[in-house]
Amino acid sequence: VPYTFEERFNESDGSAEGWNETNGAWIVQNGAYIQTANASSDTNAITMVKNNSYWNDYTTSLRFNVVGANANARVYVRYDSASRYYLLNISSDGSFAFYKNNGTMTNITDASPNMITLSTDTWYTLNITARENRIEAEIGGVGRINATDIADTIKGGTIALGTFRSSSRFDDVAVYHQDGGNKGCVYYFKREWPVGTQSPGTYR
């Protein structure tokens, strides 16, 4: 698959060069991207891809690992601004749901909140696909969830990672376009080429 974006978090200096950390305490350690702050207040830690990446219909694939009880790992898709995006919230208690922020946070999950069985400090694979007004997520071997947004659909944006009142780990993040999606740009270490003019590579 010709990835539009790929990040393996192999930096040796502890920093994630291709990410903009807007809140929280993020480090690269043992080949994973870790949010280390575990705030007792309602703190939302977030980090997003640099270079104004903007994609419409695409799939985001990654691995995540929730750390400790009452942990919440978050993956943002079509992140257009700090007040306009979709997010998938995955809690260590087994609940997970899609939300839309368009000035107000709203649960847009198609069915009642799903419950899955998660073990803390365990790696899981996650795939999120955004196509037109529908978003689907699949946690490998554990569960699946869908959402449909028919009112003022957010058409595109970048991706971001986050946590809520907890620490979590992320690794092997990749983005690739869906058939019929926009053809944006492939980002390679602060350079860009039209999709299809360069072979797939790693953003580093």
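Trp55 and Tyr58 are both buried, where buried means under 20% relative accessible area with a 1.4 Å probe, protein chains only. Before I go on, this is a predicted model, in which local features need pLDDT of at least 70, side-chain atom pairs count only at pLDDT 80 or more, and totals for chains, interfaces and linings use all residues. Residues are numbered from 1 along each chain as its sequence is written, and side-chain values use heavy atoms, with hydrogens and water left out.

Now the rings. There are 12 aromatic pairs in the structure. Rings of Phe, Tyr and Trp (its six-membered ring) pair if their centres lie within 6.5 Å; planes under 30 degrees apart are stacked, over 60 edge-to-face, and the rest tilted. Phe9 and Trp19 make a tilted pair, 5.8 Å centre to centre with 35° between the planes. Phe9 lies in the loop between strands S1 and S2, and Trp19 lies in S2, 10 residues apart. Trp55 and Tyr58 are edge-to-face, at 5.7 Å and 70°.

Next, the strands, which are DSSP runs of E, at least two residues, numbered from the N terminus. Two strands pair if DSSP finds at least two bridges between them. S8 (residues 84–91) and S9 (residues 95–102) pair antiparallel over seven bridges; Ile90 has Phe96 as its bridge partner. Three residues separate these strands in a hairpin, and Gly94 in the turn has a positive phi of about 105°.

What joins S9 to S10? Three bridges do, and the two strands run antiparallel. Their hairpin has two residues between the strands, with Gly103 in the turn at a positive phi of about 100°.

Note on methods:
Helix = DSSP H or I, 4+ residues; strand = E, 2+ residues; numbered from the N terminus. Buried < 20%, exposed > 50% of the residue type's maximum accessible area, 1.4 Å probe, protein only.
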